[in-house]
Amino acid sequence: MDLSLTEEQEMLKKMARDFLDREAPKSYVRAMEEDERGFTPETWEKIAGLGWLGLALPEKYGGSGGGFLDLCVLLEEMGRALLPGPFFSTVLLGACTLLEAGSEEQKKEILPRVARGERIMTLALTEPSATWEAKGVHLKAKAKGADYILDGTKLFVPDAHVADDIIVVARTGRSAKPENGVSLFLVSGKAPGITHTVLKTIASDKQCEVVFDGVAVPARSLVGVLNKGWPVVEKTLQRAAVAKCAEMVGGAQRVLEMTVEYAKQRVQFGRPIGSFQAIQHYCANMVTDVDGARFVTYEAAWRLQEGLPCAKEVSMAKAWTSEAYRRVTALGHQIHGGIGFTKEHDMQLYFRRAKAAELAYGDADFHRERVAQQMGL
């Protein structure tokens, strides 16, 4: 296994950092926290123009044919910049899921428009039980003539308020195993009977409650096979967990850099605070967490891309990186002292994103349990 970046990935990384430094400074991040949409169409158009929305899509669907590792390199830079907007929901949750299980007709209709920046997508999975397991899927999709009627509530759906298309995970059958009887439907985000409410979250990241009240969708909207949609959801959750880890690695790296720079400049008792052993050890712990998180994340990403068994590696990455990012931001706050807790300082932006990312696609306890299962315990 070679985890070093290719020449093309190094170029992508540099281009992304230059673009995000220029187009998504912290003033933009702060403004988008208060913005109703959470991003500007101008920035979205520029991102589409760079080809990032189609980076991991095949060329026949308007993409550039990149791999999952390429996407992770880009997401690490987006996490470093705290880029707001529906990139993650559109590409990871929507387009990649449709690419995995959609019909050829659905792919040809939707994916090229995603690549051009004309369609925003998301996935509606979690419900009030807030579990990432099949037993938490209760939203009903009942066959009626040539249609399915969707009734129920989804929670924590990212960017649903701006989504053109929502892939809805619904219950279409009952059996002793909750994984059976789950199906996916491609639903217009503006279909009659759908209402969205943007939730107030710690990261101001535009997660929504979405209510489906008698929403009729044609049978051709089924994504994949009826009653056998859960394996598709599992694959999507694996990709999303590793992709979120890549974002967290980028954020943690930036917090480390900010903190080391501050420790070298801040003087107390006539010497930089970075010369004190306690601060040195704090920084040593931070870099250990960041580098460890990067290693387990890219190992899991590589196994995913190569189609190798990776359930244990994915859960190891999410369990470790979730807590590592939080530890890094907590130590960053301690070293910065009081100034790091002010609203004007960037540290609080990273700490709030770390808390939100910690829970996304399963927290550390959820994934530790999965690692134990993979060990036969």
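**View 1. Helix α7 passes helix α8 in a left-handed crossing.** A crossing is called left-handed if the near helix is turned anticlockwise from the far one by less than a right angle, and right-handed if clockwise. The model shown is predicted: local features need pLDDT of at least 70, side-chain atom pairs count only at pLDDT 80 or more, and totals for chains, interfaces and linings use all residues. Residues are numbered from 1 along each chain as its sequence is written, and side-chain values use heavy atoms, with hydrogens and water left out. Helix α7 covers residues 230–265 and helix α8 covers residues 277–306; helices are DSSP runs (H or I, at least four residues) numbered from the N terminus. The two axes lie 9 Å apart, at an angle of about 155 degrees. Axes are lines fitted to C-alpha atoms, for helices over the stretch in contact, and angles run from 0 to 180 degrees between N-to-C directions. Helices α7 and α8 are therefore roughly antiparallel (angles over 145 degrees; under 35 is roughly parallel, 65 to 115 roughly perpendicular, the rest oblique). The residues of this contact between α7 and α8 are 18 nonpolar, 4 polar and 3 charged. Here Ala, Val, Leu, Ile, Met, Phe, Trp, Tyr, Cys and Pro count as nonpolar, Asp, Glu, Lys and Arg as charged, and the others, Gly among them, as polar.

**View 2. Helix α7 also meets helix α10 (residues 347–359).** The axes of α7 and α10 come within 10 Å and cross at roughly 155 degrees. That makes α7 roughly antiparallel to α10, and the crossing is left-handed. From α7, the contact (heavy atoms within 4.5 Å) involves Lys244, Met248, Gly251, Arg254, Val255 and Met258. From α10, Met347, Tyr350, Ala357 and Glu358 take part. By type, the residues of the contact of α7 with α10 are 6 nonpolar, 1 polar and 3 charged.

**View 3. Glu76 is a residue of helix α4 (residues 68–81).** With 4% relative accessibility, Glu76 counts as buried (under 20% relative accessible area; exposed is over 50%, partly exposed in between; 1.4 Å probe, protein chains only). Leaving aside neighbours within four places in sequence, Glu76 touches Lys13, Ala246, Val249, Gly250, Arg294 and Tyr298.

**View 4. The structure holds 0 disulfides.** A disulfide is a pair of cysteine sulfur atoms within 2.5 Å. Cys245 is in no disulfide, and its nearest cysteine sulfur, that of Cys72, is 8.9 Å away. Cys245 is buried, at 0% relative accessibility. Cys283 is buried too, with a relative accessible area of 14%.

Definitions and conventions: Helix = DSSP H or I, 4+ residues; strand = E, 2+ residues; numbered from the N terminus.
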